[in-house]
Structures are given as C-alpha cells and as structure tokens.
Amino acid sequence: MYEERGRVLERAGMGQPAEHRSLWRRVRSWLRVRSLAGQVFVAVLLVVLLLVAAALSVLVLQARDSSVHEAEQRTRAAAIAFAHSPGAVTALDGPNPSAALRSYAEDARKSGGFAYVTFFSPKGIGYTFADPSENGTHVYGPYKEAFKGPYTYRFDTPDGSFMDTTAPVVRPDGSVAGFVAVGVTPEQEGQAAKQQLPILLGAAALALVVGTGGAALVGRRLRHQTHGLGPVELTRMYEHHDAVLHAVREGVLIIGGELGGAARVLLANDEARRLLDLPDDVEGKPVTELGLAPEMAELLVAGRAATDEVHLAGDRLLALNIRLTEPFGGLPGSVATIRDTTEMTALAGRADVARARLDLLYDAATRVGTTLDVAQTARELAEVAVPRFADFVTVELADAVLHGDEPPPDVGMPGGPGMRRTAMSGIRDDAPLSPLGSLIDLIPTAPQDTGAETAHAVLSADLHQADLGRAGLPEKTDEVLAYGIHSLTSAPLTARGVILGVVNFWRSGDSEPFAEDDLSVAEELAARAAICVDNARRYTREHTMVETLQQSLLPSGLPEQGALDLAYCYLPALHGVGGDWFDVIPLSGFRVALVVGDVVGHGLHAAATMGRLRTAVLNFSALDLPPDELIARLDELVTHLDQGDGASVTGATCLYAIYDPVSGDCTMARAGHPLPALVRPDDRVEFVDLPAGLPLGVGGLPFEAAQLRLQAGTQLVLYTDGLVSDRDRDMEDGLATLRACLADTRADGSPEHTCKAVLDATAPTHPLDDIMLLVARTNLLEPGQVTTWDVPPDPAAVSRIRSGCAEQLTAWGLEHLTFTTELILSELITNAIRYGTEPIRVRMLRDRSLVCEVSDGSSTAPHLRYAATTDEGGRGLFLVAQLSERWGTRYTARGKVIWCEQPLTATPEQLIEAMLL
C-alpha cells in the first residue's frame, strides 16, 4: 500500500520540493501543446537536440580515437628516434648506462611531453626511471615483443592508463644492445581532444540555435497555415470541408499547373463530376482531355478570371465563375465553380414578376397618400398602378367619403347608394369608360359589387363571357369589349371594416389577363390606399368642422358706422385652420374699435380659443376701456385660462385700436402683435412706433398705449404675422415687401383695392399660417355735425341748454326728436349738477344716429333701477333708457361721460310708445 501511495505521489509531483514541482509543471505545460504547429515545433526541437547530441558524441569519440592514434604515433616515433640516436648503443654497452643516459632521457621526456623515457637492458633492467631509486629494477610489460621490432601497447596502472612503445636499440651487427620505452599518460594522451572540445561545444551550440530557429520558423509557418489548430481540429475541419465540398449543390474544379494546354485537374467534387459528366479518375488528367465543349475547356485553361459566364454542356446551361489562385499566395492555377442555371432560367420570369410587384407595392407606399385630400389620394392610386399592373384604373368612392362623412353601411351593396367615379388613369385617354364624376350604380352581377360584398378582390379574367360581360358591367359594355379591354380585377377599399369605395384594374390589348396571383397584389394596393383615403376623409371632416367653427366665430359682416371705410380678407392656412381673428366694434360717440389677433397653433383648440378671446374683447369693449387697459385685462384672462386643464393659450397676440372721428385721434395698444402700417394722404407709408408688449399670458410688464392724430383719408393697415413671415421668408423681408406694396397703392384708393394689392404682393401661394388683413380708411365728422355746451353747476342752466338743443335739432332737420332729446338732456344734466362735479359739458353728435353726451368730473356712475310706486325720484335713467336706443357710461382721465343714442328715423308715435312701456 505504501509503495502504491508513493507512486501516486510521484506521479502527482507531491512529496517533492516546491521548486521541483513548479519546474515539473512548467515542463509539462511546455510539452502539453494542443496545436499541430506547437507539436511539430516540439518534435523538430527534440530531433534537433538528438541530432546535435549524437553529432557531439561522435565528434568526441572521434577526437578521442584521434588522440589515441596520435599518442601511439608519437610514442612510436619517439622510441624509434631514441633507439637510433647516436651514442645510444655505446651508452648501453658502457660501464654505467644510467649515468650516461639519465640526463638525456630526462631532457627528452620533458621536451617531448612524455610520461617517461626509459632505457633498459635486454634483460629488462631499467637505467633511466623517473625516480632514480628505481634504476636497476626490472621493468614490467611485454618488452620481449620488441626484439622483433618496435612494439606499442596500452596498459593500466593504479595511476591510470598509459600508451607505451618499446623499440630495440640495435648494434651494427644486428644484436640488441637494449631497449628504449616511451610512454604517455591519459591527460597527455587527451590534450589535443581537450583543445578541440570548446570548438566542438560551440559548433554544437550553434547547430542547436540554428536548428531551434529553423524549428520555430517551421512552427510559425505551420501555425499560420493551420491557424493554430490541433491535429483533432485539423482532422475534423478536413472532414467537414470534404463533406461540404462533396455535398454542396455547386460544382468545384481546382486546376493546377501552368495554365494552358498543360493544366490538369487537381480536384473535382461530386457536383462537378455530375454536371460535366467527368470520369471517376479525373484527378491528374489534362483539362483538354475531359471531353468538354471547346469554349468551356478554353475558358478553364485561359488563365483569366470569369464571373457568371454561361456555357452549354449537353442539355444543361452552366454558369462558370473562375478565380486565379496565384494572386492570393497559392500555386499557379485556378478554382472554378459551376452552377446549373437551367432551373433558375425557368424561374427567372417568376422572379422578375415578383420583383416588379414588390417594386409596385413599395412605390404605392411612398406615392399614395402624400396629401390629406381624398380625391388626390384616389388619383395617386390610379396613377401608380398604370401601366405596371393594369392598363386602366378607375376608383369609385362613396359621396359621403368625398365630403368627409362616414359612408353608409349599405354602400356598394345591391340596392344601396352608388359610388362616384373619383379618379381614372390609363395608357390612353380614349377608353370608353364612364367619365369622372359619374355615379356608378352597381348591379348584383357586377364584379365590383361582388368584391364589395365579400370585402375581397374579385377576378374576371375574361370579360367576353356573357354572364360577366354584357350583363354584369356597369359600363358601356359593347364599347368596352370592342375597345379591347378583356380582363378586370375589382378590389374594395375597406378601412376599419367599412367599405369606402372600389378600385377597378382593367387590362386590354396584348396584356396578359389577370390571374389568381394578381388578386393579392390588387388587395394589397387597395388596402394601403383605403387607409390613406380614410385618413384623408377623417381629416376632411375635422378640417370642415374646425373651419365651420371658425367661420361661425368670426364676424359675419361689418357693422354700419361712418367713422371708417373698411375692407378685410381672411386667408386660411393650407393645412389646418388657425386662430387668426379680427373685429370691428362700434363704440359710443361714433368711435370705432378695431381688433386683430392671432392664437398660437392650428386646429379645433385654436379656433375655440379664438372664439373665447373674441368674446372677451367684445365684453371688455362694452365697458369702453382704453386700449392698454383692455389688453391688460385680456392678458389676465389668458393667464387664468392657462391655469385650467386645457391646452396652453399663452403666446396669443392682439392689437386693439380706437378711432374717434370727431377729433381724428387713434389710440392703440398691442400684445406681441406686428406693427400696424399707416398710409398717409400724401402716400407716405410708415409703421406706427407702438410699444410692443409681451404676448398674452406671459405677464410681467404693463402694456402701453400710443395716440395718433390721423387726417381724413389715412389708411390704417392691420394684419397678422402670416402675411409678412413664413418658412422661406423672415419678418424683415415681409415688412419691406408690405411697405413697397403700400407705397405703390394710392391712399385715395378704396380699402378693397388696397386689400387685394397687398395680398397679391405678399401672401404666399401655399400659406402655412392663417392670414388676416384689415384695411380702414379714416373719415372725420364735419364741424356742423358736432355741438358742445359748457354747463355751470346751476339748475337754472338746464332750460338754456334745452333751448339750444331745440334750435340745433331744428337746424339739423330733426324736429321730431326735440321732445325726447330735451327730456333726456334734462335728466342727464340734472343728475350731473346734483351728483357730479365740474366741469360739466354737453355734446350732441349727428351722423347715422343722434348721440347726446353729458360729462362731468366725477367718477361716480349712475345705476338704473326700478322706482317704487310711492317713490318721488329714481325714474330719470329709466326714462333715458326707454327713450334711447343705447345708453351707457364711459370713464375718461378727468371723469365720466353719460351718453345715449337715438335713431334718426324714430317717429313720435314710437317715442310715446317707448315712454309708456
């Protein structure tokens, strides 16, 4: 058990020092290479290491053998040389060989780098040992072999291995005088090998570096080519590619070699074999020997790229695509893909038809419904379908749809209301179809009627059939058939489940009859157009409602008055009704108030807001307020309206002016409105320097009024900003154009002429905002139409005023008003003397009516009340109210004015009747 545990720990690297385990993990991570390139690199690196190690071992062994051989040669040469050296025989034969040869042998040993040089006798007694104490001792070894000649051998001692060569020293007579032995130690023997070892190691290291670099380059190249994939992935990828190559429905030919007559097939997949009828052993065969059509074979070896070139191969029509491989880093050759287009050619016609239908539907989506006009939408539908879908197109809509109303539920049904032909388009203009505006009464057997009942398109492929042709078409049947119209598709225009109309598609002449496939296109066209028609219908209804509301809120006409000659023009916006308005309000004393305003926005809210503001101005003007005070109260009203739950009103503008024909004074104030223009009697044009004021509802600053003295014949031009500014023109340019137009218009011309000239010069062709223009030419009362008396605060002065009043009425030819006028003035003057303060003044004005005014310095206003039977007073104002057509009070900077107005045509009987009521 313990042994097994030790083996497990050993395999796991446990039980070893930490540095050993980390080293082992690094080695294992290096060796565990998944990519093919990494495995090849490791394998090549190992081979290089083995080769370098083997080469190094061989070199070392070779160096060692060389050293042994060299040692053998050295010792042999040295021994022979010493044996034949002069004096060697004499020394050996002498009485003391050791003394004679010792120094010679020692010098030879040292200078030759030998371990020893020993002379000894034929009996083996040594003379020149390195240790002198050994001289005279017997040598060891097979020296007797040297009697035959020099003998070399190797022997081992405790000090190491020695190479020894023993040579005989021969006397002249051939006898042996002795021997000389020369030996070298292992260190001396391997000295040369040691000197060559650094060179060998350096060469081995260099070989290892070069081999490693080569392996790295090979691995990098292989990694680039295999994209870092391992053998398993490469095998799987090859299998996949091979499966795809042979399963794809497109032929693939890979042609290699120099293109031309020598080009050969390297690879052909199954589809290429099938399409070209290639043999099984096609790989390696020249292209020119495959039995292909000459044009196709020439194209395959031409060495040029080709895209979708069609060639005939048997009964197949093949499309070839060829790309050269050499420009992409491959070997010379090409890759050809082959596609069978025989079936595609058969489907090309259907594809073209489908594409044309999609284009038609796309164009219909962009071209139908560009406006919110019902008739224009119907015309767009008819025009988009000719001639791509039909030769003639007619569109019938219910009359209610044309007027913006909801169509009746039985429209298009048998016995129901007919439809109005609203649009018609065709390739020619002489088709014998019912003209525009015709009422089409559908009959039960008509295709249009059937489509309306089923809410789906109905096909009449052949109109020459008796039941559909002569009995079923609500057209001039014989003329239609004789003209060449032979096929019809009718589709209802249905939106929200309601039938709005019918669209008819007609084909004539050589056009193909409608087929079942055309019904879906007709229904799609009709469905898209129906939505646009319904949107236009609802817009027409809302626009009509808003326009009606606005027209009802604007003045229906100009009031009768003599202070101003008036003309006005209202031009609504092209899309949507705005909130521009004007008003002419007669005030007391023959004064006239002119109002022009503009509400921000368009639509129902703008029109309703305009009506509220106009009503408020009418009510405020009844109080006879000055223009600046009236604008201030209107601003407070707008602020109050904005605090409610409705949409914002802030931003509306208004200009209010009061003209007095007695003095010619014109007082005006504005809230963010454009400046009014004046055309003086001498044709000078100027814009009134009137304080602007903030738009209504903004608040924060008071409004200021300006007063002008206008001569008779001066034209006052009031307008809204739509006249002088739009998207393509700023207000400065518009004001300059208005000034130039007014300068060209004579001041003595009629206001109607000025109004028309201004609109022609400044109004855009398609206004995006409402335009309101009001032109007023001033008149002044003659001095003889005004009479004034100053009244002292004395009741006795009343009789004098009454006498003067009678005389003036007689001068004016109004004797029949003397009694009532004296009574009115008596009551008003008496009240002023009793309750008012000085100065007291009486003024009578005659124009279209008779006006009596009594003013005083008090701001206390009288109140009308019904007196009791027992009351002695309180009936004065009641009599004034009964005898006058209108009466009231207005405040001035110095007090108040009580006024009353009587018609000039009142008879005495009418006056007596009014007093008795």
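Reader: How many bridges join strand 8 to strand 9?
Author: Seven bridges join strand 8 to strand 9 (residues 333-340), and the two run antiparallel. Strands here are DSSP E runs of at least two residues, and helices are H or I runs of at least four, numbered from the N terminus. Two strands pair if DSSP finds at least two bridges between them.

Reader: Which residue stands opposite Asn-321?
Author: Thr-337 in strand 9 stands opposite Asn-321.

Reader: What joins strand 7 to strand 8?
Author: Six bridges join strand 7 (residues 306-313) to strand 8 (residues 316-324), and they run antiparallel. Ala-313 stands opposite Arg-316 in strand 8. Strand 7 and strand 8 form a hairpin with two residues between them. Gly-314 in that turn has a positive phi of about 70 degrees.

Reader: Before more detail, what kind of model is this?
Author: This is a predicted model: local features need pLDDT of at least 70, side-chain atom pairs count only at pLDDT 80 or more, and totals for chains, interfaces and linings use all residues. Residues are numbered from 1 along each chain as its sequence is written, and side-chain values use heavy atoms, with hydrogens and water left out.

Reader: What is the mean pLDDT?
Author: The mean pLDDT of the protein chain is 80, and 83% of its residues reach 70 or more. pLDDT is the predictor's confidence in each residue, from 0 to 100.

Reader: Where is the pLDDT below 50?
Author: Residues 1-15 are one such stretch, with five contacts in the model beyond near neighbours in sequence. Residues 466-472 are also below 50, and that stretch has 17 contacts beyond near neighbours in sequence. Contact means heavy atoms within 4.5 Å. Where pLDDT is low, the predicted coordinates should not be read in detail.

Reader: Now helices. At what angle do helix 12 and helix 16 pack?
Author: Helix 12 (residues 374-385) and helix 16 (residues 516-553) pack at about 165 degrees, with their axes 8 Å apart. Axes are lines fitted to C-alpha atoms, for helices over the stretch in contact, and angles run from 0 to 180 degrees between N-to-C directions. The two helices are therefore roughly antiparallel to each other. Angles under 35 degrees count as roughly parallel, over 145 as roughly antiparallel, 65 to 115 as roughly perpendicular and the rest as oblique.

Reader: Which residues of helix 12 make the contact?
Author: Val-374, Thr-377 and Leu-381 do. On helix 16 the partners include Leu-525, Ala-529, Cys-532 and Arg-537. By class, the contact of helix 12 with helix 16 has seven nonpolar, two polar and one charged residues. Ala, Val, Leu, Ile, Met, Phe, Trp, Tyr, Cys and Pro count as nonpolar, Asp, Glu, Lys and Arg as charged, and the others, Gly among them, as polar.

Reader: What about helix 19 and helix 20, at what angle do they pack?
Author: Helix 19 (residues 731-744) and helix 20 (residues 751-762) pack at about 140 degrees, with their axes 9 Å apart. Helix 19 and helix 20 are therefore oblique to each other. Thr-737, Leu-738, Cys-741 and Leu-742 in helix 19 meet Thr-754, Ala-757, Val-758, Ala-761 and Thr-762 in helix 20. The residues of this contact divide into six nonpolar, three polar and no charged.

Reader: How many bridges join strand 17 to strand 18?
Author: Six bridges join strand 17 to strand 18 (residues 592-598). Ile-585 stands opposite Ala-593 in strand 18.

Reader: Backbone check. Which peptide bond is cis at Pro-387?
Author: The bond joining Val-386 and Pro-387 is cis, with omega about 0 degrees. Pro-387 sits in the loop between helix 12 and strand 10 (392-397). The bond from Glu-838 to Pro-839 is cis, with omega near 0 degrees. Pro-839 lies in the loop between helix 22 and strand 27 (840-846).

Reader: And what is the phi of Arg-496?
Author: Arg-496 has a positive phi of about 55 degrees although it is not a glycine. Arg-496 is in the loop between strand 14 (485-495) and strand 15 (498-508). Most residues other than glycine have a negative phi, and most peptide bonds are trans.
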